[in-house]
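Dear colleague,

I am passing on the structure we spoke about, and below it you will find my notes on what turned up when I went through it. Please read them with the structure open beside you.

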Amino acid sequence: MSKKKIKVGSRDSVLAMWQTQFVIDRLLELTDQYEFEITSLKTKGDKILDVALSKIGDKGLFTKELEAGLLCGRIDFAVHSMKDMPTELPEGLQISSMLKRHNPADVLISERYASFAALPEGAKVGTSSLRRRAQLLHARPDLDIHDLRGNLQTRMRKMKEQNFDAIVLAAAGVERLGWQDLITEELDYEVCLPAVGQGVIGVETRSDDEEILKLVQLVNDKATTLCVQAERALQRHLEGGCQVPIGAYAYLEDDLLQLEGLVGSLDGKTIIRNRISGVPAQCEQMGSQLAQQLIAQGAQAVLDTIRTELNS
């Protein structure tokens, strides 16, 4: 008897394809009812590499094409990096599964210097993230931060070609591709709080596809889901797309959910930061509550200024 074929949507980068195959492999360990076929798509964010992400000014830069494939039935589910997911999804779609979180930290990669602290004054550092830029400049106002776009292979190549002293990437991607030996230093959360959902693979489905919903739930990690829901609620309340300097990290400790969040100015001079803890079942309320605390500390004015700067 032939098995039902499930079509899985993925971005076409090496890392995205690795993540998609990882999800499929986990499912194959848990069920033998299906066979899987990957449909790779190039997203807008993958095509426009000569412009800073913040200047493109479009939410869903790495997800819209996959979501269109879901809505028209070309694919049955899509695999994403959760840090790329907008907080508002198209009607009829939902995040139905999140796999256990990988290392959420940011890492420094440098062929010249042994640590972040060892970077010389005026060191040329590359990152595609405003969140990283704000925090790195807060810790080291002397650094010369440059925009660095492209997939991981491209960024590693540009580090050499464009003479960067260091670049900063997400640990999860580097480690998933087996490049952990290239990591110079894992940055402490006090230096660089992660992006919302960083290190987490998410699975997006149609809301009414009960068979696929049941299937992808097999690989869902409940603790990770609660933590990322808290982070995404914080982001949603602050109206921060992935290109606004918002950091957040939630984790479970002694049956409580700990959530830390921050908003930073583009020049790094202002970092507004706070944390709360609470019952995991209240994860979304906690995200909204922490966002309100950050706003009370002045985060809204910082975000308004950033949006004005990015739109000008």
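**What was found**

Leaving aside neighbours within four places in sequence, Ala-230 is in contact with Ala-250, Leu-257, Leu-259, Cys-283 and Gly-287. Please keep in mind throughout that this is a predicted model. Ala-230 sits in helix H9, and because its relative accessible area is 0%, where anything under 20% counts as buried, the residue is classed as buried. Between Ala-230 and Trp-179, which are 51 residues apart in sequence, the C-alpha atoms are 30 Å apart in space.

**The protein as a whole**

The protein is built from 11 helices and 13 strands. Its radius of gyration is 19 Å, which agrees with the value near 20 Å that a compact globule of 312 residues would have. Taken along the principal axes, the box filled by the C-alpha atoms is roughly 65 × 45 × 40 Å. Of the 312 residues, 54% are buried, and among the contacts with a separation of 6 or more, 69% are between residues 24 or more positions apart.

As for the surface, the accessible area comes to about 13900 Å², and carbon and sulfur atoms account for 47% of it. There are 37 positive and 45 negative side chains in the protein, and the centres of these two sets lie 4 Å apart.

Arg-236 belongs, like Ala-230, to helix H9, which spans residues 222-237. With a relative accessible area of 30%, Arg-236 is partly exposed, whereas Ala-230 is buried. Not counting residues up to four places away in sequence, Arg-236 touches Thr-87, Glu-88 and Glu-284. Its C-alpha atom is 11 Å from that of Leu-290, a residue 54 positions away in sequence.

Glu-88, one of the residues that Arg-236 touches, has its place in the loop between strand E3 (77-81) and strand E4 (93-98). The two residues are 148 positions apart in sequence, yet their C-alpha atoms are 7.9 Å apart in space. Glu-88 counts as exposed, because its relative accessibility of 55% is over the 50% cut-off.

**Arg-101**

Is Arg-101 buried or exposed? At 17% relative accessibility, Arg-101 counts as buried, and its place is in the loop between E4 and strand E5 (106-109). Its contacts, once neighbours within four places in sequence are left aside, include Thr-224, Cys-227, Val-228 and Glu-231, and they also include Ala-195, Gly-197, Gln-198, Gly-199 and Val-200. Tyr-249 and Ala-250 are among the contacts of Arg-101 as well, and Ala-250 is also in contact with Ala-230. The C-alpha atom of Arg-101 is separated by 16 Å from that of Gln-21, which lies 80 residues away along the chain.

**Aromatic rings**

The structure holds 4 aromatic pairs. In one of them, Tyr-189 and Tyr-249 form a tilted pair, with 4.9 Å from centre to centre and 50° between the planes. Tyr-189 counts as partly exposed at 24% relative accessibility, while Tyr-249, with a relative accessible area of 16%, is buried. Ring pairs join Tyr-189, Tyr-249 and Tyr-251 into a cluster.

**Backbone angles to look at**

Which residues other than glycine have a positive phi? Asn-163 is one of them, with phi near 60°, and it is found in the loop between helix H6 (152-161) and strand E8 (166-170). At 46% relative accessibility, Asn-163 counts as partly exposed. Asp-254 is another, with a positive phi of about 50°, and it lies in the loop between E11 and strand E12 (256-264). Asp-254 counts as exposed, because its relative accessibility is 71% and the cut-off is 50%.

How values were computed:
Residues numbered from 1 in each chain as written. Predicted model: local features only at pLDDT ≥ 70, side-chain atom pairs only at ≥ 80, totals over all residues. Heavy atoms only, no water. Helix = DSSP H or I, 4+ residues; strand = E, 2+ residues; numbered from the N terminus. Rg over C-alpha atoms; globule rule 2.2 N^0.38 Å. Buried < 20%, exposed > 50% of the residue type's maximum accessible area, 1.4 Å probe, protein only. Contact = heavy atoms within 4.5 Å. Areas by Shrake-Rupley, 256 points an atom, 1.4 Å probe, with all protein chains shown as cover. Lys, Arg positive; Asp, Glu negative; His and termini not counted. Charge placed at Lys NZ, Arg CZ, Asp CG, Glu CD. Phe/Tyr/Trp six-rings, centres within 6.5 Å; stacked < 30°, edge-to-face > 60°.
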